[in-house]
Amino acid sequence: QVQLVESGGGLVQAGGSLRLSCVVSGPDFSPVAMGWYRQAPGKQREFVASITSGGSGGSTNYADSVKGRFTISRDNHRVYLQMNSLKPEDTAVYYCNYAQLVPPRSNFWGQGTQVTVSS
């Protein structure tokens, strides 16, 4: 089983920055998409950003709400989310995701890290 452990969340004022990190351990299911999702209180979990790995990997994708403010990156065993110009509406629990891109399309989640942006 793949294990994902997030860190880097916290409390920050609007306009500030945070960098989330996710350590990935376990078997390699490449090609995969590693990404970040978030869930605010009373709302559904939503996609934030992803980056592919393996094959012709390295392509990124962002939710419209974070384009130009957030940047996703990775190295061999970590995926990062640099969050700049944070807004109160970015407040949520952020989850790391590891999704196999070919059958059987295994999917794994971290435990989440809280990000709170004060106005």
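In the predicted model, a search of the whole structure identifies four salt bridges. One of these pairs Asp 90 with Arg 38, whose closest N and O atoms are 2.9 Å apart. Asp 90 is located in the loop between strand S8 (78–83) and strand S9 (92–100), whereas Arg 38 belongs to strand S4, so the pair ties together parts that are 52 residues apart in sequence. Both Asp 90 and Arg 38 are buried.

Asp 90 also meets the side chain of Arg 69 in a salt bridge, with an N to O distance of 2.7 Å. This pair likewise links distant parts of the chain: Arg 69 is placed in the loop between strand S6 (60–62) and strand S7 (70–74), and Asp 90 in the loop between S8 and S9, 21 residues apart. Arg 69 is buried, as is Asp 90. Through salt bridges that share partners, Arg 38, Glu 46, Arg 69 and Asp 90 are joined into one network. A further salt bridge is formed by the side chains of Lys 67 and Asp 64, at 3.2 Å from N to O. Asp 64 has a relative accessibility of 65% and therefore counts as exposed, the threshold for that class being over 50%.

The largest pocket has a volume of about 240 Å³. Its lining comprises 15 residues, of which Val 24, Asp 28, Asn 76, His 77 and Tyr 98 lie nearest the centre of the pocket. By residue class, the lining divides into six nonpolar, six polar and three charged residues. Strand S3 (18–25) and strand S4 (32–39) each contribute at least two residues to this lining.

Contacts between parts of the chain separated in sequence were examined at two positions, Gln 1 and Thr 113. Gln 1 is situated in the segment before strand S1 (3–7) and is exposed, with a relative accessible area of 71%. Although Gln 1 and Phe 108 are 107 residues apart in sequence, their C-alpha atoms are 8.3 Å apart in space. When neighbours within four places in sequence are set aside, Gln 1 is in contact with Ser 25, Gly 26, Pro 27 and Phe 108.

Thr 113, in strand S11 (residues 113–118), is buried, with a relative accessible area of 10%. The side chain of Thr 113 reaches the backbone nitrogen of Gly 9 at 3.3 Å. With neighbours within four places in sequence again left aside, the contacts of Thr 113 include Glu 6, Ser 7, Gly 8, Leu 20, Ala 92, Val 93 and Tyr 94.

The backbone geometry was also considered. Most peptide bonds are trans, and most residues other than glycine have a negative phi. The peptide bond from Ser 30 to Pro 31 is cis, with omega near 0°, and Pro 31 is found in the loop between S3 and S4. A cis peptide bond also runs from Pro 103 to Pro 104, with omega near 10°; Pro 104 lies in the loop between S9 and strand S10 (107–109).

The loop between S9 and S10 also contains Arg 105, a residue other than glycine whose phi is positive, near 55°. Arg 105 counts as exposed at 52% relative accessibility. Ser 85, which is not a glycine, has a positive phi of about 50°. Ser 85 is located in the loop between S8 and S9 and, at 41% relative accessibility, counts as partly exposed.

Technical notes:
Residues numbered from 1 in each chain as written. Predicted model: local features only at pLDDT ≥ 70, side-chain atom pairs only at ≥ 80, totals over all residues. Heavy atoms only, no water. 1 Å grid on protein atoms, 1.4 Å probe; cavity = no way out; pocket = protein on both sides within 12 Å on 5 of 7 lines; lining within 4 Å. Points joined across faces, edges and corners; volume = space filled by probe spheres on them. Helix = DSSP H or I, 4+ residues; strand = E, 2+ residues; numbered from the N terminus. Nonpolar A, V, L, I, M, F, W, Y, C, P; charged D, E, K, R; others polar. Buried < 20%, exposed > 50% of the residue type's maximum accessible area, 1.4 Å probe, protein only. Contact = heavy atoms within 4.5 Å. Polar contact = N/O pair within 3.5 Å; in protein donor to acceptor, adjacent residues only side chain to side chain.
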